[in-house]
Amino acid sequence: ILNIFDWFSFLAPNLNYVADSIYGISNELYRWILAIGWISALLLTVSLKLKKNSNSILTFMIALLLIISMLCIMRFANRENDSIIKKDFRTTGTLCSEILYRREKQQSKEEKSNFSIISCDLKINVISQIQATARIKVDLHNLDEYHFTLWHSLRIDEITDEFGRLCSFNRDGDFLTIYTPNVVNEFHITYSGNCGKYFSNQQGIALPGYIPYYPWAGHIIVWDEYHEEIKNDHRNPTSSFRIEITSPLVVACNLPSVKPNTFEGCAESISLYAGLIAPTMVDGELCYSSPVSDYHLSLEGHETIWDNLSSLVGETHDLDLKGKTIFIQPETIMVNGNIRERMVSFSDHIILGSWVTNAETICLYYLLNLIPQRNETYLLYDLFQTEMTSNPSNNKTNQKPSWESLSILTQYTLPNEISDEEAQEAFAAASVNFKSLWNYQIKTLGSDTVLKEVYQYMISSDFNQNQIEFLYNLGG
């Protein structure tokens, strides 16, 4: 029924609507088209009433208004590929569409790339959606097939090699496979569409470097099935980029600008932002944020805070913000985002959520993002995250749960694998007992010991025992 209401939607969708400080009030192209269509239809009705006094001018006006009305109706009806922010719970809306799509789409197996991208020349035209051509040079030239990752809702129009020869390809969600009977040096991939809540239209652009809005090498899983949220822990090898953006907006990028909306340089990922943003200096670092928001960022003291936090859990990575460009995420992304999107760090820039305002929260969310997003540790991660971000509860249990009350957790990787209703109830009960086990270990061993041991387990690459056994056996 919401799709029907769209035909009469000119203003904010409800009285509680809050405009995004970067995106502004929803004023997308389709709303103007709808308004022009209704005005033309109204004038057409009036003109038809006057037709008895017909003359050549009036006949021309009727024909013109009819054409305008029909064109507007056709364009409005064909808006499914446009980047539109719909802050409601429709199945195609910003809040639900991605989750519903991922629930229905079976996750394919991730495959790391056996080739590297030497350079990417990206030309993007942004009006109501992304229309892009990526010219990608690869280092291996005689493979039978090349694996890439490209956001599933971006529709591929054509793929050719450097000689203009068409290449056959296959799409499987975010995964793109290109078949090449010939030796190739580069691919020209033309595509269009949108990336859901990561908007891209004439009003604003928010394309963070942790989503594949341009082709990545390899079949990379970008969705966390358990938490039903975007994964942002993948880092591409450094490549050479040239980005040309055609847009009425002034675009900000982590690469150096060579002329307006054109950027060149080497990076692991490219982030693009535009809209109600302006550059400011925060403690000596370049920051892009909205001048109409009440957001105030401070980086003061982050070195000391990070030293204390990293030593608590035994982390050896440094947190170096010097020389990094800072982008503040639009509220639209953060409202429908996850805890990992509050702070995402790349080698040359960082992306912060709008409520990450001080050095303490930057360090905390940086630490959480250093933990790989794995199905094997999701239960521990949730408990670790809660302990670090919330006020720890004083209600620690004196009794250690029995192994029998937890054992079902070892039989399934993810809860959505369970189809039996009785097993689902048992799994839920065991999850509660696992939290009790966490509380027991914290009271018995101490918070510092548990946090450090669990953190080291989660960042390790070799699991000698599963997460349930690890926490149960912690401390002997």
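Trainee: Which residue does Asp-157 form a salt bridge with?
Mentor: Asp-157 pairs with Arg-155, and their closest N and O atoms are 3.8 Å apart. Keep in mind that this is a predicted model.

Trainee: Why does 3.8 Å count as a salt bridge?
Mentor: Because the cut-off is 4 Å between a side-chain nitrogen of Lys or Arg and a carboxyl oxygen of Asp or Glu. The 3.8 Å between Asp-157 and Arg-155 is within 4 Å.

Trainee: Is Asp-157 buried, exposed or partly exposed? And what about Arg-155?
Mentor: Asp-157 is partly exposed, at 43% relative accessibility. Arg-155 is partly exposed too, with 43%.

Trainee: OK, and how many salt bridges are there in the whole structure?
Mentor: A search of the whole structure turns up 11. Another one joins Arg-165 to Asp-161, with the closest N and O atoms 2.6 Å apart. In that pair Asp-161 is buried at 1% relative accessibility, while Arg-165 is partly exposed at 33%.

Trainee: What does Arg-242 form a salt bridge with?
Mentor: With Glu-264, and there the closest N and O atoms are 2.1 Å apart. Arg-242 sits in strand β12 and Glu-264 in strand β15, so the pair ties together parts that are 22 residues apart in sequence. Arg-242 has a relative accessible area of 23% and Glu-264 is at 33%, so both count as partly exposed.

Trainee: Which residues are linked in a network of salt bridges?
Mentor: Glu-98, Arg-102 and Asp-174 are. Arg-102 also has its charged end over the ring of Trp-151, 5.3 Å from the ring's centre.

Trainee: Switching to rings: how many aromatic pairs does the structure hold?
Mentor: There are 17. One of them is Tyr-198 with Tyr-210, an edge-to-face pair with 6.2 Å centre to centre and 85° between the planes. Tyr-198 is in the loop between β7 and β8, and Tyr-210 is in the loop between β8 and β9, 12 residues apart.

Trainee: Are those two tyrosines, Tyr-198 and Tyr-210, buried or exposed?
Mentor: Both Tyr-198 and Tyr-210 are buried. Now look at Trp-306 and Tyr-366: their ring centres are 5.0 Å apart and the planes are at 70°, so that pair is edge-to-face. Trp-306 lies in helix α5 and Tyr-366 in helix α7, so this pair ties together parts 60 residues apart in sequence. Trp-306 and Tyr-366 are buried as well.

Trainee: Which residues do ring pairs link into a cluster?
Mentor: Phe-115, Tyr-146, Phe-148 and Phe-187.

Trainee: Last one: which ring does the charged end of Lys-400 sit over?
Mentor: The ring of Tyr-472, at 4.1 Å from its centre.

Methods:
Residues are numbered from 1 along each chain as its sequence is written. This is a predicted model: local features need pLDDT of at least 70, side-chain atom pairs count only at pLDDT 80 or more; totals for chains, interfaces and linings use all residues. Side-chain values use heavy atoms; hydrogens and water are left out. Buried means under 20% relative accessible area, exposed over 50%, partly exposed in between (1.4 Å probe, protein chains only). Helices (H or I, at least four residues) and strands (E, at least two) are DSSP runs, numbered from the N terminus. Rings of Phe, Tyr and Trp (its six-membered ring) pair if their centres lie within 6.5 Å; planes under 30 degrees apart count as stacked, over 60 as edge-to-face and the rest as tilted. A charge sits over a ring if NZ of Lys or CZ of Arg is within 6 Å of the ring centre and within 35 degrees of the ring normal.
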